[in-house]
Amino acid sequence: MPRRIRRIGRFGTALLFAVFGLVATGSEARAQGVTTAGVSGRVIDPSGAPIAGARIELRRDDTGAVYTSVSDESGRFHFSNLRPGGPYSLEASRIGLQTVSRGGLELSIGQRLTLDVQLGEAAVPLPELAIRVETDPEFDPSRMGPVTVVDQRTLEALPTISRDFTEFAQLSPLVVVDEDGVSVAGSNLRFNNIQIDGALNQDVFGLSPSGVAGGRARGRVIPLSAIEELQVLIAPYDVRQSGFTGGVLNAVTRSGTNEFDAAAFGFVRDEALVGDAVIGGVPRTPGELDNLFVGFDVGGPIVRDRAHFFVAGELERR
C-alpha cells in the first residue's frame with residue numbers, strides 16, 4: 001500500500017530531480033487535442049436582464065491559478081483551456097451589486113460547464129450564501145457521443161497488477177480488455193487512438209497487445225500515478241477527434257499543487273502467489289518467479305500560485 005511521505009529532504013529531492021525530468025506547470029498550454037475543459041454562462045439581475053461589465057474570477061483551489069473575465073453586453077462570460085479536475089471556485093461581482101461565489105466545481109475532460117449567476121442590489125450586507133452546484137454527467141450538453149471518464153480517485157482506489165492506465169478503459173461498458181488488447185465496441189485494438197495530453201502514444205506497428213509502444217516488453221509510456229484523468233470516447237461527434245475507427249483513450253497528466261505531497265509503493269511476487277497453469281489439460285507449475293515493482297511520485301510548488309512541479313517514476317524487475 002502507498003505510504004504518504006510529508007517531508008522530503010534536500011538530498012532526496014535533488015536526487016529525484018537528477019534521475020527523473022521536471023514537469024513545470026506554470027503555463028496552462030496543452031498539446032493539440034481535446035485535453036481541457038471550459039466554463040461559460042451569463043450574469044443576470046433578479047428580473048433576468050443581462051448585466052454587462054461584471055467581473056468574473058475563476059480560481060483553482062489546489063494550485064491557486066486564477067482566471068478573470070468581464071461579462072459582455074449580453075451578460076455572457078467564457079473561460080476555456082482549463083485543466084480538468086478541481087475544485088474550482090467562481091466569484092462574480094460588480095460595483096453596486098452583491099458578490100456571489102460558487103465553489104466545489106469539478107470539471108471533466110472536454111466538459112463545458114454552463115452557469116447562470118444572478119446578482120442583486122447590495123443595499124445591506126448579506127450573510128454568506130453557500131450554493132451547491134451539481135451537474136448531470138449523462139445529460140451534459142457538452143458531451144458528444146458515448147464517453148466514460150475515469151478520475152484520479154478511481155485510478156488510485158482500484159487494484160491493478162500491471163499499473164497500465166489502458167486497463168482502466170474496461171470501466172466503459174463498451175470496452176473489453178483481454179490478452180489481445182483493448183477492444184472498443186468490438187473493433188480491433190489497431191483501430192484505437194491512445195493520447196496523452198493530446199499527443200499520440202500508441203504502437204504504430206500494432207504489435208503490442210496494450211496498444212502502446214514497448215508493450216510487448218511490458219513497457220509503459222507513463223507511470224499510472226502521473227495520470228490525472230482518463231477519458232474513453234466511442235464514436236465522438238467532434239471534428240477535433242479524428243484518425244481512428246475504434247475508440248479514443250484520452251489521458252491528461254497531473255500537475256503539482258501549492259502543497260508538497262509525495263507517495264511511494266513497492267510489492268513483490270513469487271511463484272507461491274501464482275497458481276498452476278493448465279496447458280493441454282495438464283496442470284503445469286509456474287516455475288521460478290521473481291517480480292519486483294517499486295515507484296514514487298512527488299509534487300509541490302516552485303512559486304506558489306504561479307508554477308508547480310510533479311515527478312513520478314516506476315521500476316519493474318521481472
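Predicted model: local features only at pLDDT ≥ 70, side-chain atom pairs only at ≥ 80, totals over all residues.
Residues are numbered from 1 along each chain as its sequence is written, and side-chain values use heavy atoms, with hydrogens and water left out.

**Exercise 1.** Work out which strands stand at the edges of the open sheet of 5 strands.

*Solution.* Begin with the order, E9-E14-E15-E12-E13, with mixed pairing. Strands are DSSP runs of E, at least two residues long, numbered from the N terminus, and two of them pair if DSSP finds at least two bridges between them. Strand E9 (147–151) and strand E13 (199–200) each have a single partner strand, so they stand at the edges. Then look inside the sheet: E14 (residues 227–234) and E15 (residues 247–253) run antiparallel, joined by 7 bridges. Leucine 230 is opposite alanine 251 in E15.

**Exercise 2.** Describe the salt bridge between arginine 317 and aspartate 290.

*Solution.* Check the distance against the cut-off (a side-chain nitrogen of Lys or Arg within 4 Å of a carboxyl oxygen of Asp or Glu). The closest N and O atoms of this pair are 3.9 Å apart. Finally, consider accessibility (buried under 20% relative accessible area, exposed over 50%, partly exposed in between; 1.4 Å probe, protein chains only). Arginine 317 is exposed at 52%, whereas aspartate 290 is partly exposed at 44%.

Key
Helix = DSSP H or I, 4+ residues; strand = E, 2+ residues; numbered from the N terminus.
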